[in-house]
Amino acid sequence: MRTIVAGNWKMHKDRTEALDLVMALVAEAETLPAGVEMVIAPPYPFLAMAAERVRGTRITVAAQNCHEAKQGAYTGEVSVAMLGSIGVGACIVGHSERRQYFNETDAAVGRKVKALLEGGLMPIYCCGELLEERQGEQHFAVVERQITEALGALDASALARVVVAYEPVWAIGTGLTASPEQAQEMHAFIRKTLRGLAGDVADAIPILYGGSCKPDNAAGLFSQQDINGGLIGGAALEAASFLELVRIGGRK
Ligand code: PEP
């Protein structure tokens, strides 16, 4: 099973800061455990620079969003082909901030996943429940719907190229973390749901945990059976903490 530690920089850093962080990660890339994949998702303006700098290293550059159409009159949007043409290898889609602030639905995110697969990029598909949904014991139903509505139309060979990130919305940027047991319970449920869609292929789909994951809580999370690494926000903005998280991922 693959282990992936991915950093989502969101809308942080200027060009100099972004370059500094990329170079600090590149400098350490060869010292990292062989079994772990490192992915970084800088903002759009820095993707080309990041992709150039990581070329020949073990780091993959991801975008934080894309448009589903191949091209067209979609002012302000970026296509999968554009991303691929500058060396971007992956893309986060369906992050809860995009669902919340940009009204992205499961169906719309599912179309982005399909476009990414057709364009040869690795989709990192985010799902996860709101606090009130967990308190109302709706969390399994919500995540099942997110998975089946966005990914249900893919055949097994397409699904095999998807990475899923479970990010309980109440844990993102809040300092609250799902306990390793809560996270494992949901990851096992996600894997069961994926198995219902794709059979045994599901056993090899990486399922990342995201939500206030830091060096001091990652070991407990990443050691769980169905947790195959992390999607990291705040702790991915500093080289030292992100590299530490990648190293912890490498122990899996
Ligand atoms: C995220 O937004 O994907 C995330 C996990 O953020 P943080 O680690 O800051 O909670």
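The points that follow go from the whole chain to a single site.

This is a predicted model, in which local features need pLDDT of at least 70, side-chain atom pairs count only at pLDDT 80 or more, and totals for chains, interfaces and linings use all residues. Residues are numbered from 1 along each chain as its sequence is written, and side-chain values use heavy atoms, with hydrogens and water left out.

**Fold and dimensions**
- The protein has eleven helices and eight strands, taken as DSSP runs (helices H or I, at least four residues; strands E, at least two) and numbered from the N terminus.
- Its radius of gyration, over C-alpha atoms, is 17 Å, close to the 18 Å that the globule rule (2.2 Å times the number of residues to the power 0.38) gives for 252 residues, so the protein is as compact as a globular protein of that length.
- The C-alpha trace spans about 45 × 45 × 35 Å along its principal axes.

**Packing and surface**
- Of the 252 residues, 52% are buried (under 20% relative accessible area, 1.4 Å probe, protein chains only).
- Among contacts (heavy atoms within 4.5 Å) with a separation of 6 or more, 71% join residues 24 or more positions apart.
- Carbon and sulfur atoms hold 52% of the accessible surface of about 11000 Å², computed by the Shrake-Rupley method with a 1.4 Å probe.

**Gln146**
- Gln146 lies in helix α7 (residues 139–151).
- Gln146 is buried, at 4% relative accessible area.
- Leaving aside neighbours within four places in sequence, Gln146 contacts Arg99, Asp106, Tyr125, Cys127 and Gly128.

Terms used. Buried means under 20% relative accessible area, exposed over 50%, partly exposed in between (1.4 Å probe, protein chains only).
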